[in-house]
Amino acid sequence: MKLLVVNPNTTASMTAKIGAAARSVAAPGTEIEAVNPAMGPVSIEGFYDEALCLPGLLTEIAAGARRGAEAAIVACFDDPGIDAARAIAPFPVLGICEAAMRMAGFLGHRFTIVTTLPISLPAMDGLIRRYGMAERGRARAAGVPVLALEDRASGAVEKVRAEIRRAIAEDGAECILLGCAGMADLARDLTAEMGLPVIDGVAAAVKLSGSRAKVIGVEPALASDAQQSLRAGHVVRIAAESAASTVADGLRTQSIGALNFEHLTKYLDGVVTVAEDEILRAMRQIITGARLMTEPSGAVTMAAWMFHAAELPSSRKAVAIISGGNADPKQVAEVLEGR
Ligand code: 5HY
């Protein structure tokens, strides 16, 4: 997966730090491209800088899309331009503030954002409300300018550390969110030092953006229009007699549509076909074992898992999507009796 990470300020040393943090948690096979605009503010402190960074940020999102990015992260804790970026990007766009808050939600009840200067607090307070977390978290400022984080001798890290200690003592925080992308390199050490999760939004966004899941389509061997099309590289039309004879009536299609073909080509990792008796045996297993009503078309995924495991990616966890419960009661009775 090609993951674009945009630092919306123009400080290249911060972009390098953000890129390194992203790469350190990326799944194998994820290619991280960390960029920043050529023009705009050197750091984003408050609403004015936020507004100024937008043209550069959106230019980078559009350029990343042309280079084939499959997801993007806006690596600034104010989540600037996130709605505009989503409006122009043909892929998911994650903000690091939202990602960090979602991650915090999985870890505990109360969190505190420790950001840079008080000028950034109104934006962060607004984001806490926007993401529905007002009852669970608050933001504090450590009193460090963003660019002080680029200078080890500035004492910025000590101030961040002291503010985290205050958040733990005074807010009862169960986890801390580092409220600036320029703090991305601090999360690991501070987690160990503070004895609670200290979340970097860049790492949280990388983790939330990528899935290691492989998506496999399943269809009846008698109606394998998707499999044949993907193998041929163009939409293939199969014989009506064959497609019409599968018990999986919801999958009796002679050909997939052009849009489906484009979508499946892009997102599917393979197609497995199943035999008629396998579909019926899977249907029986789902109804009796999982107590779920399924029609034959809904049972094809389970049939693939039960009878074609060798053709599926090896994994510890497989998920079968069972879609469709519009089964004829007479047919269900026959399936349950094994007829
Ligand atoms: C950030 N500013 O993550 C924010 C943090 C802040 O340039 N990158 C910036 O202070 O609002």
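In what follows, Ala, Val, Leu, Ile, Met, Phe, Trp, Tyr, Cys and Pro count as nonpolar, Asp, Glu, Lys and Arg as charged, and the others, Gly among them, as polar. By these classes, the shell around the ligand in this predicted model consists of seven nonpolar residues, six polar ones and one charged one.

The overall layout comes next. The protein is divided into two domains, with domain 1 running over 2-209 and domain 2 over 216-336. Taken over C-alpha atoms, the centres of domain 1 and domain 2 are 42 Å apart.

A search of the whole structure for cavities of 30 Å³ or more finds one. The largest cavity holds about 110 Å³ of space, and the ligand sits in it. Its lining is made up of 17 residues, and those nearest the centre of the cavity are Ile 44, Cys 76, Asp 78, Val 146 and Cys 180. Sorted by class, this lining has 10 nonpolar residues, six polar residues and one charged residue.

Seen from the ligand, 14 residues surround it, and Ile 44, Asp 78, Thr 116, Ser 120 and Ala 181 are the closest. For Thr 116, the distance from a polar side-chain atom to an oxygen atom of the ligand is 2.4 Å. For Ser 120, the corresponding distance is 2.8 Å. The side chain of Asn 9 has an N or O atom 2.9 Å from an oxygen atom of the ligand. On its own the ligand has 300 Å² of accessible area, and the protein covers 100% of that area.

Methods
Residues numbered from 1 in each chain as written. Predicted model: local features only at pLDDT ≥ 70, side-chain atom pairs only at ≥ 80, totals over all residues. Heavy atoms only, no water. Near = heavy atom within 4 Å. Polar contact = N/O pair within 3.5 Å; in protein donor to acceptor, adjacent residues only side chain to side chain. Areas by Shrake-Rupley, 256 points an atom, 1.4 Å probe, with all protein chains shown as cover. 1 Å grid on protein atoms, 1.4 Å probe; cavity = no way out; pocket = protein on both sides within 12 Å on 5 of 7 lines; lining within 4 Å. Sits in = over half its atoms within 2 Å of the grid points. Domains from an automatic or database assignment. Points joined across faces, edges and corners; volume = space filled by probe spheres on them.
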